[in-house]
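Okay, everyone, thanks for coming. Let me put the chain up on the screen and then talk you through it.

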Amino acid sequence: MSETNHTTLAITGMTCAACSNRVEKVLNKMDGVDAQVNLTTEKATVDYDTNKASIEDLTKKIEAIGYGVQTEKAEFDITGMTCAACSSRIEKVLNKLDGVKNASVNLTTESAVIEYTTGLIEQQTLIEKIRNLGYDAKPKAEAEESRSQKEKELKRKKTKLIISAVLSAPLLLTMLVHLFGISLPSILMNPWFQFALATPVQFIIGWQFYVGAYKNLKNGGANMDVLVALGTSAAYFYSLYEAGKTIGNPGYMPHLYFETSAILITLILFGKYLEARAKSQTTNALSKLLHLQAKEARVIRDSKEMMIPVDEVKAGDHLLVKPGEKIPVDGILVKGRTSVDESMLTGESIPIEKDTGAGLIGSTMNKNGSIEMEATKVGKDTALASIIKVVEEAQGSKAPIQRLADIISGYFVPIVIGIALVTFVIWIAFVEPGQFEPALVAAIAVLVIACPCALGLATPTSIMVGTGRAAESGILFKGGEHLERTHQLEAIVLDKTGTITKGKPEVTDFTGDTEALQLLASAEKGSEHPLAEAIVAHAAENDLPFLDVDDFSAIPGHGIEATIAGKPILVGNRKLMHDRHIDMEGAEEALTSYEMSGKTAMLLAVDGNYRGIVAVADTIKESAPEAIQQLKELGMEVIMLTGDNERTAQAIANQVGITQVIAEVLPEQKADKVKEIQLQGKKVAMVGDGVNDAPALVTADIGIAIGTGTEVAIEAADVTILGGELLLLPKAIKISHSTIRNIRQNLFWAFGYNTAGIPVAAIGLLAPWIAGAAMALSSVSVVANALRLKRAKL
């Protein structure tokens with residue numbers, strides 16, 4: 001039976017959009033494989049049929065076309081091995097694991113070195129596998145924490161850039177002689193001195209371009225490396241030919257372009273370095289989320305407290321958390337009382353009171369009580385881990401707007417090479433007949449100025465920054481396509497309970513005295529009805545002690561009756577009071593007024609005498625009116641959907657400023673109501689709490705789940721608003737608008753730059769080094785423009 005697996009591979013060696021297109025095309029040609037490759041994140045997201053392909057097949061395919069799959073090395077200290085059979089057994093089991101490239105276990109040093117594919121398997125899984133075999137393993141103690149791959153890569157790029165700049169600087173000075181006639185030491189003009197400086201730049205520093213070009217051409221593709229290698233080689237080898245003419249002919253004045261090849265490579269490396277630095281900032285939001293995670297946990301094992309890495313916590317472990325410490329993982333409070341700052345997840349600045357049995361969210365801050373908790377969700381299952389996963393996947397996903405850029409960049413390089421050849425022929429045949437140099441210079445300028453990088457970066461960098469900016473505000477977009485579709489919305493359908501209202505009934509009015517409230521709450525304490533819970537909570541807030549109830553019974557559809565200290569207590573509707581002949585003089589007007597306001601009102605009688613009215617309502621969220629006003633200002637049609645009766649629904653709608661109400665809708669009818677609005681030709685978002693609203697969330701063009709990360713299945717909706725803050729709804733739409741506007745600016749710049757640059761270079765108005773600088777800056781400007789989203793006003 002076939003099974004589809006989902007995986008993410010980190011790809012190395014991609015330099016521009018043509019590379020990512022090539023990898024994507026090759027993977028998608030494999031049987032049973034569906035792949036998306038993102039240049040900005042340098043990752044391939046792959047769904048593959050396990051019967052037709054494996055991780056090994058995917059890796060081999062990627063490596064066959066000249067790219068690599070990023071691997072990491074981990075060293076472990078292993079205890080419990082006694083002979084060579086032990087080490088070979090561990091080695092054999094590890095090498096069979098999906099994602100492990102190579103594992104070698106050394107019996108003498110009692111250590112293991114494991115090379116594994118980044119993102120496919122975690123160190124903790126490797127440790128558990130070794131422990132399952134009856135041995136113990138832990139990360140090597142002496143090994144310093146390895147710097148992230150990207151930091152090392154950035155440092156390498158910087159070193160190469162500095163060496164290249166130092167070697168190219170004297171060659172740059174020779175341009176001053178050509179441009180302004182400034183006299184310089186004669187050695188600088190010596191062709192062999194220039195050759196000595198340009199050669200290491202061309203073949204040591206610039207070797208990466210030759211390698212990249214060879215791999216691409218070998219596999220029938222072409223990318224930026226091909227353009228750079230062609231352009232710089234033409235300038236270098238022509239200069240070498242001219243320098244050769246001086247041998248035995250000291251009077252010959254060679255026409256050298258060593259400075260062109262060296263400075264081009266330096267400028268391109270400078271652009272790539274700036275681009276890499278800027279790209280590293282696009283993932284800041286993810287880094288912030290990762291930094292929120294607790295690093296250690298205080299676990300109770302065998303009645304002893306011990307500090308262990310949070311990765312080693314297992315579900316069912318009992319943990320101690322002291323005031324001011326982060327709660328390590330998701331769990332349940334089993335001993336103690338505290339308040340917890342959950343603002344990192346919900347945005348709610350006021351700490352939440354927690355008592356025994358309350359749910360706790362990993363990485364939130366324990367404020368003022370030592371507590372014992374039981375771990376329920378650990379590792380990848382915690383609320384924060386699932387949020388990080390959503391953000392990672394969103395940043396790596398492609399928006400539909402990117403497809404055009406991908407198609408164009410796929411054909412881009414061969415077309416540019418063709419234009420460069422045509423330019424060379426036109427110059428040498430018609431513009432300056434027989435003159436090789438000007439034709440070569442124009443062709444080099446064309447090759448160098450046309451860079452597909454800006455095109456390839458235009459969309460993914462904006463998506464990364466946009467989704468990251470949203471995540472910082474508590475808005476999780478599930479993918480680039482949802483971020484794009486959100487800006488097309490015309491109507492927003494809001495579920496009432498838990499979305500516009502708090503979803504928890506509260507006592508809003510009580511007309512009786514304190515004694516009456518105490519009797520009312522004591523009687524209701526025996527009821528499990530949500531309205532009864534609201535009354536009991538209200539009494540507790542007023543610090544009223546509860547009295548013993550001698551007798552209690554519910555009267556279905558009418559209310560309750562109870563006996564307290566010999567007094568009969570009645571709580572219920574008009575009919576109950578009429579049936580028991582209770583005189584309710586003056587109550588009718590207040591009762592009707594409460595009902596008109598969308599509240600549920602109940603009457604109280606003690607010992608046969610009317611004692612007051614209690615009104616209970618699911619109160620609206622404080623921010624709801626402002627959020628709805630902001631949505632209207634954004635041009636949204638706002639509609640409220642509820643199962644309540646028309647009068648109650650209208651009362652709530654009036655409070656928040658909604659004019660369109662669809663009332664008395666059963667949960668299973670919500671999706672049909674959304675469809676009806678779509679049939680009017682509108683793009684619709686459905687906002688709900690993600691439980692009984694699930695079918696409607698799926699039906700809508702954009703499903704928005706609202707609630708805390710633990711309450712809502714993040715997977716169920718296209719967008720998740722953490723913490724239930726309604727003001728994040730208009731923010732989500734604003735982020736979508738800003739991101740799409742930013743992408744359009746980037747695409748306009750990238751297309752416009754290439755469209756304008758190529759003809760200018762072809763007619764000889766651009767020196768190759770200026771073309772190189774412009775090319776480097778085009779990519780940097782696109783990334784810099786995307787980074788502006790971080791400061792976007794929401």
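So, when I say two residues touch, I mean they have heavy atoms within 4.5 Å of each other. And keep in mind that this is a predicted model.

With that, have a look at isoleucine 658. Leaving out residues up to four places away in sequence, Ile658 touches Leu494, Ile500, Ile628, Lys632, Val638, Ile639, Met640 and Ala653. Ile658 also belongs to the largest nonpolar core, which has 129 residues. Among the residues with the most contacts inside that core you'll find Leu27, Leu58 and Ile475 as well. Which helix gives the most to this core? That's helix 27, residues 728-762, with 13 residues. Apart from this core there's another one, of 22 residues, including Ile560, Ile564 and Val616.

Now, helix 22, which runs over residues 587-596. Its buried residues are Ala587, Leu591 and Tyr594. They sit on the same side of helix 22, because they cover an arc of only 65° around the axis. What do they pack against? Strand 20, helix 21, strand 24 and strand 25. After helix 22 comes glycine 598, with a positive phi near 85°.

Zooming out, the chain is divided into domains, from domain 1 at 4-69 to domain 6 at 503-620. The C-alpha centres of domain 1 and domain 6 are 65 Å apart.

An unreviewed UniProt entry lists residues 192-210 and 256-274 among its transmembrane regions. In the model, 192-210 is 95% helix, with end C-alpha atoms 23 Å apart. For 256-274, helix makes up 89%, and the end C-alpha atoms are 29 Å apart.

Note on methods: Residues numbered from 1 in each chain as written. Predicted model: local features only at pLDDT ≥ 70, side-chain atom pairs only at ≥ 80, totals over all residues. Heavy atoms only, no water. UniProt positions renumbered as here; feature names shortened; annotations may be inferred. Helix = DSSP H or I, 4+ residues; strand = E, 2+ residues; numbered from the N terminus. Domains from an automatic or database assignment. Core = buried A, V, L, I, M, F, W, Y, C linked by side-chain atoms within 4.5 Å. Buried < 20%, exposed > 50% of the residue type's maximum accessible area, 1.4 Å probe, protein only. Arc of directions from axis to C-beta.
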